[in-house]
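Reader: I would like to go through some of the labels used for this model and see what each one rests on. Please set the values against the criteria.

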Amino acid sequence: MREFTTQETMLRVWDVENIKKVMHRRVYYIANEWRARELEELWVSDPAHQKTASFGRNTGYYVGMEAIRGYYVTKHAADLGDGVGTMNAHPISTGLVELAGDGQTAKGCWISPGHETMPARNLQEGEAPHGDAHWCWGKYEVEFIKDGGEWKIWHMRLYPLFKCEYGESWVDTK
């Protein structure tokens with residue numbers, strides 16, 4: 001591995017901090033259900049990068065910003081309904097960011113100890129409306145690229161670690 005000058009090292013540290021800031025902003029956007037804003041502000045804007053951008057999780061893998069938007073914004077909004085009774089938080093911790101030697105791309109990994117509350121579905125006749133609360137922990141693996149001089153999300157994969165109802169052990173989850 002080559003040695004970096006003091007100035008190069010400082011720029012690399014600054015880049016890593018800016019990458020972390022992108023992910024921290026994303027945490028707030030998700031908590032507020034600002035998914036469209038997230039894609040607009042935090043994801044790649046260069047047309048070449050938009051064609052190859054990707055988002056994957058256990059429910060599917062989407063390539064290109066339009067496919068990502070279709071799943072991540074449009075489908076999610078339809079599933080969520082009016083949003084009344086929902087509360088989601090997916091903070092991140094234990095971040096690790098590795099900057100490529102050329103300083104133009106980077107990879108990061110975070111653990112997310114999250115929770116989700118959604119209105120209960122399929123209520124039985126006479127059952128009072130209520131929320132269903134879940135713990136949902138996952139791991140984010142994210143690739144970044146300098147796009148227009150700013151760090152942007154290029155590829156994101158979410159690996160669910162577990163999801164269980166609040167008050168139940170995750171080892172008992174079916």
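Author: First, a term: helices are DSSP runs of H or I with at least four residues, numbered from the N terminus. The model is predicted. Just after α1, E33 takes a positive phi of about 60°.

Reader: What makes residues 6-31 a helix, and how does the reach of α1 compare with the expected one?

Author: Helix α1 has 26 residues, and a helix needs at least four. From first C-alpha to last, α1 reaches 38 Å, close to the 38 Å expected at 1.5 Å a residue.

Reader: Which residues of α1 are buried, and what covers them?

Author: The buried residues of α1 are R12, D15, V16, I19, V22, M23, R26, V27, Y29 and I30. Their cover includes the helices α2 (35-42) and α4 (65-80), along with β4 (93-99), β5 (105-119), β6 (131-147) and β7 (150-165).

Reader: Why is E116 called buried?

Author: The relative accessible area of E116 is 16%, and buried means under 20%, so E116 counts as buried. E116 lies in strand β5.

Reader: What makes the pairing of E116 and K163 a polar contact?

Author: Their side chains are joined at 3.2 Å, and the limit for the N or O atoms is 3.5 Å. Beyond its sequence neighbours within four places, E116 is also in contact with residues including M87, H90, D132 and C136.

Reader: How do you know that R35 sits over the ring of Y72?

Author: The charged end of R35 is 4.5 Å from the ring centre of Y72, and the distance limit is 6 Å. R12 likewise lies over the face of F4, at 4.2 Å from the ring centre.

Note on methods
Residues are numbered from 1 along each chain as its sequence is written. This is a predicted model: local features need pLDDT of at least 70, side-chain atom pairs count only at pLDDT 80 or more; totals for chains, interfaces and linings use all residues. Side-chain values use heavy atoms; hydrogens and water are left out. A charge sits over a ring if NZ of Lys or CZ of Arg is within 6 Å of the ring centre and within 35 degrees of the ring normal. Helices (H or I, at least four residues) and strands (E, at least two) are DSSP runs, numbered from the N terminus. The expected span of a helix is 1.5 Å times one less than its number of residues. Buried means under 20% relative accessible area, exposed over 50%, partly exposed in between (1.4 Å probe, protein chains only). Contact means heavy atoms within 4.5 Å. A polar contact is a pair of N or O atoms within 3.5 Å; within protein, one must be able to donate a hydrogen and the other to accept it, and residues adjacent in sequence count only if both atoms are side-chain atoms.
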